[in-house]
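I opened my notebook and looked up a few things in this model. My entries follow.

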Amino acid sequence: MIRIESVTKRYPDGTVAVDRLSLEIPDRSITVLVGPSGCGKTTTLRMINRMIEPSEGTILLDGVDILRQPVNTLRRSMGYVIQNAGLFQHRTILDNIATVPRLLGWGKEKSRARARELMERVGLDGSLAKRYPYQLSGGQQQRVGVARALAADPPVLLMDEPFSAVDPVVRKGLQDELLRIQDELGKTIVFVTHDIDEAVKLGTMVAVMRTGGKLAQFAPPAELLSSPADAFVEDFLGADRGIRRLSFFPSAGLELLTSPVVAVDATAEQIAARDTTDAPYLLVTDLDGKPLGWSEPQDLTAGEIEPDQLLPYGRPFVAATDSLRAALDCAVLSPTGWAVGVDTDGRVAGVVSQQSIGEAIRGAHAEGRADGTAEQAATVTR
Ligand SMILES: Nc1ncnc2c1ncn2[C@@H]1O[C@H](COP(=O)(O)OP(=O)(O)OP(=O)(O)O)[C@@H](O)[C@H]1O
Ligand SMILES: [Mg+2]
């Protein structure tokens with residue numbers, strides 16, 4: 001465990017970058033430092049691997065003061081990833097990733113074999129191995145940066161705004177990849193960002209810092225969203241924190257109706273037999289059970305259902321793993337106000353109305369779920 005005990009960093013010009021910060025960073029999970037520009041995130045991160053020395057206070061790694069450890073040993077146990085990856089421009093991708101193993105005296109072949117293994121792990125095609133950094137996209141370079149930091153298999157990863165320079169789509173891919181890698185490797189990750197959405201998505205614990213290097217709140221993301229410590233944290237979380245909090249509630253408890261679902265080859269009797277008392281629309285599926293679109297029952301003629309005449313069903317949610325937020329989004333975007341729940345193969349599991357989702361949300365809030373949220377959140381796709 002990394003323990004930061006009442007650490008202050010005062011730069012020679014008198015700037016207090018970090019002010020009596022105390023944090024317990026749990027092992028094998030992602031702790032995010034988030035806050036506005038200049039609040040001391042980078043300074044904090046760099047004090048952990050001694051690129052910056054604290055003015056006061058102590059940082060302990062597994063109970064030992066980091067100042068008592070040889071700096072090289074300490075840094076070898078901590079991979080470091082920065083924005084724009086910071087790759088060596090004159091070295092190939094493979095040699096960039098092999099840098100630390102080479103420094104540690106591994107042979108060339110062994111280092112390169114390790115580098116190839118890591119390329120695969122971070123989702124980089126092996127064909128890129130001989131290229132130079134400038135021949136890669138920003139997102140690919142960032143993956144190389146992560147692979148390089150992982151090369152010597154350090155228990156700790158320090159990441160300073162690693163995904164800030166890429167567009168939102170690539171960024172989401174990198175975040176998902178990091179969560180997947182973390183699932184497999186279980187590193188102790190300290191991740192700096194100024195993006196609260198990224199913090200909420202990635203963090204097991206989130207430390208919100210404010211200007212002046214002070215800790216505003218340290219909590220799991222669901223708790224941050226439900227109980228911000230003060231007006232600063234609330235403001236920093238943004239206006240739609242109620243909606244965002246729904247990402248932590250599973251949709252699995254929603255009652256999905258199958259009665260308003262018909263297959264495209266349904267007979268007139270089957271269409272007529274559908275119970276539409278609760279649902280004014282029928283959802284038509286293809287022969288494989290995948291959604292095609294909505295229709296009013298009277299507009300459906302057996303044998304003549306035209307998929308392109310149907311109302312779009314929008315984006316379905318995965319009933320087993322998606323959150324209530326995903327289900328609500330689906331219902332809001334649906335022209336009928338009904339959301340389509342599918343299984344992991346995309347086959348319709350059932351449909352649910354905005355109203356039922358609203359009731360589930362009220363139920364979830366009413367139960368307070370403060371105790372259960374962290375565990376539940378772990379199983380919900382955010
Ligand atoms: N070498 C230095 N000398 C004096 N002040 C510094 C020095 N390095 C950083 N600072 C100041 O310390 C404060 C914290 O800087 P830091 O880089 O830790 O912020 P940050 O939270 O990482 O910001 P950003 O989100 O912009 O990266 C800032 O006010 C910064 O200007
Ligand atoms: Mg910074």
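How do strand 3 and strand 9 pair, and over how many bridges? I found that the two pair in the parallel sense, over four bridges; strand 9 covers residues 205-210. Strands here are DSSP runs of E, at least two residues long, and helices are runs of H or I, at least four long, all numbered from the N terminus. Two strands pair if DSSP finds at least two bridges between them.

Before going on, I noted the ground rules. The model is predicted, local features need pLDDT of at least 70, side-chain atom pairs count only at pLDDT 80 or more, and totals for chains, interfaces and linings use all residues. Residues are numbered from 1 along each chain as its sequence is written, while chains are lettered from A and ligands numbered from 1 in the order in which they are written.

Entry: strand 3. I saw that Thr31 stands opposite Met205 in strand 9. Strand 3 also pairs with strand 8 (residues 188-193), again in the parallel sense, over five bridges. There, Val34 has Thr193 as its bridge partner. I then checked burial. A residue is buried if 20 or more other C-beta atoms, placed from the backbone, lie within 10 Å of its own; it is exposed at 12 or fewer and partly exposed in between. In strand 3 (residues 30-34), five of five residues are buried. Ile30, Val32 and Val34 lie on one side, Thr31 and Leu33 on the other. I recalled the rule that side chains in a regular strand alternate between the two faces of the sheet.

Entry: I traced four strands in the order 2-1-4-5, with antiparallel pairing. Strand 2 (16-25) and strand 5 (64-65) are the edges, each pairing on one side only. Strand 4 (residues 56-61) is joined to strand 5 by two bridges. Leu60 has Asp65 in strand 5 as its bridge partner.

Entry: helix 1. Is helix 1 enclosed or open? Six of its eight residues are buried, so helix 1 is largely enclosed by the rest of the structure. Among the buried ones I listed Lys41, Thr43 and Leu45. After helix 1 comes Arg50, with a positive phi near 65°.

Entry: ligand 1. Which residues are around ligand 1? I found Tyr11, Asp13, Ser37, Lys41 and His194 among them. Near means a C-beta atom, placed from the backbone, within 6 Å. Helix 1 (residues 41-48) gives the most to this shell, with three residues.
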